Amino acid sequence: MGRIGKEVAGQVISFIGLVGVAVCCGVPLWRVTSFIGANIVTGQIVWDGLWMNCVTQSTGQMQCRLNESVMRLTRDLQAARALVIISIVFGKIGFLITFIGAKCTSCLEKDGSKAKVVIVGGSLIIFAAVLILIPVCWSAAITITDFQNPLTIETQRREIGASIYIGWASAGLLLVGGIILTTSCPPQRPMYGYPGYGPAPAYPYAGPATYGPVYAPPPSRPYSGTGSYVPSKPYAAPTTYSARQYL
């Protein structure tokens, strides 16, 4: 798979993960409580979410109420509100940044700059996956602990809702998409044998070098071969020195 194919696959997987995070944020199915009274007529199902709580009667009637006050929520849901929103923001920013550095676009000219931008976008998507994974696991742990607590009233025992499973799946998709985007960029320097690069250039071997006789023009003066050198201009040294020259 080439670089363009990896980028497209990472973007598609990341987009599906972002849609799942948005669904997990909006659907009030973080906790589900089923209560059946003396007869089936008094049965009801309670859905707890980040933004609203819904009660469904056995007759099919549903009533929903918005959580206008954050203090009415439990600690895990209070933290989940902030973390899920931050996760959506970082995920969207990273998803848009990957389009700027995609190889099939012309926003940037140099391949090195495109690779760095795609790596930054993939890192933001991975960070968004971690942000959504924290509140989902936290809420699931508290729900399981309360359900197994023998002091909890039967009518207050809550089970894990569908939003928790959607959050886990979305976090996994964001992690996979972000990792694909951060590893889809080839190295900056050409490496022979790497997909997309040809084999090493082959240089022809000319064989051992041969040396032939070198012709040099004859010198202007004949070589005597006696080993003595006589200068062409005679030099005559003074025979006597006068002391007055140094006084």
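Tutor: The largest pocket holds about 320 Å³ of space, a volume being the space filled by probe spheres set on grid points joined across faces, edges and corners. This is a predicted model, where local features need pLDDT of at least 70 and side-chain atom pairs pLDDT 80 or more, while totals for chains, interfaces and linings use all residues. Residues are numbered from 1 along each chain, and side-chain values use heavy atoms, without hydrogens and water.

Student: What makes a space a pocket?

Tutor: On a 1 Å grid over the protein atoms alone, a pocket is an open set of points with protein on both sides within 12 Å along at least five of seven lines; a cavity is a set where a 1.4 Å probe fits but cannot get out, and lining residues have an atom within 4 Å of a point. Of the 18 lining residues here, the closest to the centre include Arg-31, Asp-48 and Arg-158.

Student: Why is the contact of Arg-31 and Asp-76 called a salt bridge?

Tutor: The term requires a side-chain nitrogen of Lys or Arg within 4 Å of a carboxyl oxygen of Asp or Glu. Arg-31 and Asp-76 meet at 2.3 Å, N to O, so the pair qualifies.

Student: How do you know whether Arg-31 is buried or exposed?

Tutor: Buried means under 20% relative accessible area, exposed over 50%, and partly exposed in between (1.4 Å probe, protein chains only). Arg-31 has 6%, so Arg-31 counts as buried.

Student: What is Arg-158 called on that scale?

Tutor: Partly exposed, because its relative accessibility is 33%.
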